[in-house]
Amino acid sequence: MKPIGLQLYSLREMAAKDFIGVLEKVADIGYKGVEFAGLHGHDPKEIKKIIDSLGLKVTSSHCALPTKENAQEVIDTESILGNTKLISGFGPQDFATADDVKRAAEKFAVAGDLVKPHGMKFGFHNHWWEFAQIDGKYVYDMLMEGAPNVFSELDVYWTAYGKADTVEIVKKHSARLPLLHIKDGPLVEGKPHTAVGKGAMDMHAIIGAADPNVLEWLIVELDDCATDMLDAVVDSYKYLVSEKLAEGNK
């Protein structure tokens with residue numbers, strides 16, 4: 001079993017008011033790690049001390065795409081946090097044509113090259129629009145081919161929502177999937193997500209398709225939820241741990 005982390009974007013409304021309190025709650029639930037999506041105005045040195053005191057690991061961070069202009073600033077922040085996996089992505093307008101996809105892949109590849117000397121790796125996070133097809137190929141596959149030096153943080157729900165076979169995608173790209181975003185829901189347009197285990201996703205099959213020698217973390221992320229978000233974060237943890245799909249601290 002792989003350790004379970006939480007993308008803190010899931011609790012963004014609470015975090016905007018009391019980020020430290022959210023970190024304490026996440027640790028208390030039993031999550032082993034956190035994935036950052038901003039620090040809500042806090043100094044990274046302060047956050048590093050707090051997560052260390054809580055026994056939390058940094059799985060990764062969603063951050064600005066590293067470019068020649070901003071790479072050092074991004075790298076400095078992530079170094080303080082003790083993070084080695086930097087993640088970004090693009091919107092659907094950036095993948096309208098094959099040339100657009102090629103340009104996006106080139107930017108990903110540059111980001112990977114920029115962070116590598118600092119002991120870091122760059123990866124991209126997908127939504128459903130990476131599973132649109134251009135000339136019979138998924139945009140996702142085109143990105144993977146065009147930026148062979150980056151990893152994929154595959155969001156399993158958005159992959160399925162994009163009408164792709166999530167299990168097959170995981171199998172095909174397992175050598176480059178150190179992180180999986182674990183998300184659940186009805187797979188119906190306009191319907192909110194659910195706690196993991198209460199939606200349409202077959203998590204046993206999906207997680208089982210990953211390469212255990214490559215996969216490092218399962219990271220829960222819920223963009224929105226019909227229920228209380230904190231309750232859903234708790235229920236997601238309980239489901240994954242009770243089903244022996246992930247390892248927690250409780």
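These notebook entries record what I looked up in a predicted model of one protein.

**Entry 1. Ground rules.** I number residues from 1 along each chain as its sequence is written, and side-chain values use heavy atoms, with hydrogens and water left out. Because the model is predicted, local features need pLDDT of at least 70 and side-chain atom pairs count only at pLDDT 80 or more, while totals for chains, interfaces and linings use all residues.

**Entry 2. Overall fold.** I began with the secondary structure and found nine helices and eleven strands. These are DSSP runs numbered from the N terminus, helices being H or I of at least four residues and strands E of at least two. The radius of gyration is 17 Å, close to the 18 Å that the globule rule gives for 250 residues, so the protein is as compact as a globular protein of that length. The radius is taken over C-alpha atoms, and the rule is 2.2 Å times the number of residues to the power 0.38. I noted that the C-alpha trace spans about 45 × 40 × 35 Å along its principal axes.

I then looked up burial: 54% of the 250 residues are buried. Buried means under 20% relative accessible area, exposed over 50%, and partly exposed in between, with a 1.4 Å probe and protein chains only. Of the contacts with a separation of 6 or more, 75% join residues 24 or more positions apart; a contact means heavy atoms within 4.5 Å.

**Entry 3. Charges.** I compared the mean positions of the 27 positive and 38 negative charges and found them 4 Å apart. Lys and Arg count as positive and Asp and Glu as negative, whereas His and the chain ends are not counted. Each charge is placed at NZ of Lys, CZ of Arg, CG of Asp or CD of Glu.

**Entry 4. Strand β9 and its partners.** Which strands pair with β9? I found that β8 (residues 151-155) pairs with β9 in the parallel sense over three bridges, and that β10 (residues 217-220) pairs with β9 in the parallel sense over four bridges. Pairing requires at least two DSSP bridges between the strands. Leu 179 of β9 is the bridge partner of Glu 153, and Leu 179 also stands opposite Trp 217 in β10. Leu 179 and His 181 point one way from β9, Leu 180 and Ile 182 point the other way, and all are buried.

Entry 5. Is His 173 buried or exposed? I place His 173 in the loop between α7 (166-172) and β9 (179-182), and His 173 counts as buried because its relative accessible area is 11%. Leaving aside neighbours within four places in sequence, His 173 is in contact with Tyr 140, Asp 141 and Met 144.

Gly 190 is in the loop between β9 and α8 (203-208). Gly 190 counts as exposed because its relative accessibility is 74%.

**Entry 6. Positive phi values.** His 40, a residue other than glycine, has a positive phi near 55°. I find His 40 in the loop between β2 (33-36) and α2 (44-54), partly exposed at 35% relative accessibility. Lys 163 is not a glycine, yet its phi is positive at about 75°. Lys 163 lies in the loop between α6 (156-161) and α7 and counts as exposed at 70% relative accessibility.
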